[in-house]
Amino acid sequence: MAELVDLSSDTQTRPTTAMRAAIAAADVGDEQQRKDPTVTALCERVADLLGHEAAVFLPSGVMCNLVAIATHTSPGALVLVDRWAHIARAEGGGSALASGVQLETVDGDRGVFGPEAVSAAHAEPSNYWPQLGLVALEQTHNFGGGSVWPLDTFEGVVAAAHAVDVPVHVDGARLMNAVVASGVAADRWGGAVDSVWIDFTKGLGAPLGAVLAGPAAFIEEAWRFKHRFGGAMRQAGMMAAGCLHALDHHVDRLADDHANLARLRAGLVDLGLDPTPAATNILFVDPRPVGREPHELQQALLARGVRVSVATGRVRLLTHLDVDADGIERALAAFATELA
Ligand SMILES: *Cc1c(COP(=O)(O)O)cnc(C)c1O
């Protein structure tokens with residue numbers, strides 16, 4: 001049987017031969033003592049990319065969010081997020097556990113909300129009202145279907161938060177997808193906010209790693225939480241080498257993933273489905289209007305060599321560097337047979 005077309009997640013990529021070679025050749029040291037030259041090089045590069053003074057290497061994106069929230073807030077603070085933010089829905093309530101914060105959720109439009117949400121969440125200093133301690137945006141928005149914040153809305157929310165002295169954090173797991181799709185540079189998005197991170201294990205295709213960037217004093221404080229949360233590592237340059245390789249070779253090609261997703265969406269529309277817009281590399285589609293249950297369709301597609309996931313009650317499809325245009329056609333053929 002032909003190889004599986006895995007559209008279940010962009011985390012399913014495996015390191016390419018060239019990335020493995022870069023990993024094998026990495027110069028390493030003790031990361032925990034800040035003596036790993038490859039990690040240092042990666043952090044400097046990502047800080048620069050994202051328009052910040054400094055950055056810190058962490059094992060996962062979830063830990064970037066945990067460390068950033070811990071660094072920005074104190075217990076009891078409100079953290080304003082979209083209702084479907086990864087922080088609110090997919091991190092096991094970790095921010096409450098690690099930082100004792102409360103999430104104030106807002107009903108965004110595919111993850112995007114306006115400055116009025118900040119005003120609504122902000123309260124005058126008082127012993128009664130919990131105080132807004134952080135606004136956290138997600139770019140692109142995962143459960144929003146890879147949606148990209150429009151720049152003016154993004155800047156409007158940041159300005160509203162800063163006007164009331166509240167910092168802004170960006171969960172930029174897929175920020176580079178937004179950069180490629182919007183043509184707005186990474187340092188324009190990142191430099192406007194108080195902390196921002198990118199994940200190397202999504203479309204960038206590395207096996208491990210995420211980098212959190214911000215002002216030097218913020219990153220110094222973030223290091224305390226990195227250590228406390230068990231995210232200080234040893235010869236992590238092996239993994240940082242994969243990330244550096246991804247920056248060199250896997251950013252521009254995100255455009256291919258977006259083109260593949262647009263083709264996938266068009267094919268699904270031809271089959272009578274109504275998927276979310278093709279913003280970047282994530283699509284959600286509810287198959288119930290054409291008489292199929294999401295989990296049942298998922299199993300049927302798997303039997304035809306196409307893996308999809310089910311999230312928020314819908315079928316979820318992602319494109320990434322291990323799925324080419326031919327894989328998209330094979331996936332559409334499987335959908336066509338199932339929906340015939
Ligand atoms: C995947 C993801 C995370 C978590 O990243 P991990 O590297 O899997 O820990 C956080 N936020 C968003 C939006 C994500 O898609």
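A crossing of two helices is called left-handed if the near helix is turned anticlockwise from the far one by less than a right angle, and right-handed if it is turned clockwise. Helices here are DSSP runs of H or I with at least four residues, strands are runs of E with at least two, and both are numbered from the N terminus. The structure is a predicted model, in which local features need pLDDT of at least 70 and side-chain atom pairs count only at pLDDT 80 or more, while totals for chains, interfaces and linings use all residues. Residues are numbered from 1 along each chain as its sequence is written, and side-chain values use heavy atoms, with hydrogens and water left out.

Helix α1 (residues 17-24) packs against α11 at an angle of about 135°, and the two axes are 8 Å apart; axes are lines fitted to C-alpha atoms, for helices over the stretch in contact, and angles run from 0 to 180 degrees between N-to-C directions. That angle makes α1 oblique to α11, since angles under 35 degrees count as roughly parallel, over 145 as roughly antiparallel, 65 to 115 as roughly perpendicular and the rest as oblique. The crossing of α1 past α11 is right-handed. A18, M19, A22 and I23 of α1 make the contact with M238, M239, A241, G242, H245 and A246 of α11, where contact means heavy atoms within 4.5 Å. These residues comprise 8 nonpolar, 2 polar and no charged; Ala, Val, Leu, Ile, Met, Phe, Trp, Tyr, Cys and Pro count as nonpolar, Asp, Glu, Lys and Arg as charged, and the others, Gly among them, as polar.

Helix α2 (residues 37-49) also packs against α11, at an angle of about 35° and with the axes 8 Å apart. Here the crossing is left-handed. From α2 the contact draws on T38, V39, A41, L42, R45, V46 and L49, and from α11 on G237, A240, A241, C243, L244, L247 and D248. By class, this contact has 10 nonpolar, 2 polar and 2 charged residues. In the loop between α1 and α2 sits R34, a residue other than glycine whose phi is positive, near 60°.

A further helix pair is formed by α3 (residues 61-72) and α10 (residues 216-228), which pack at about 115° with axes 9 Å apart. α3 passes α10 in a right-handed crossing. In this pair, V67, A68, A70, T71 and H72 of α3 meet F218, E221, A222, F225 and K226 of α10.

Attention now turns to the ligand. Of the 15 residues around it, V62, D171, R174, D199 and K202 come nearest, a residue being near if one of its heavy atoms lies within 4 Å. A polar side-chain atom of R174 is 2.8 Å from an oxygen atom of the ligand. For K202, an N or O atom in the side chain lies 2.9 Å from a ligand oxygen atom.

Finally, the peptide bond from Q139 to T140 is cis, with omega near -10°. T140 belongs to the loop between β5 (132-138) and α7 (151-163).

Note on methods
Polar contact = N/O pair within 3.5 Å; in protein donor to acceptor, adjacent residues only side chain to side chain.
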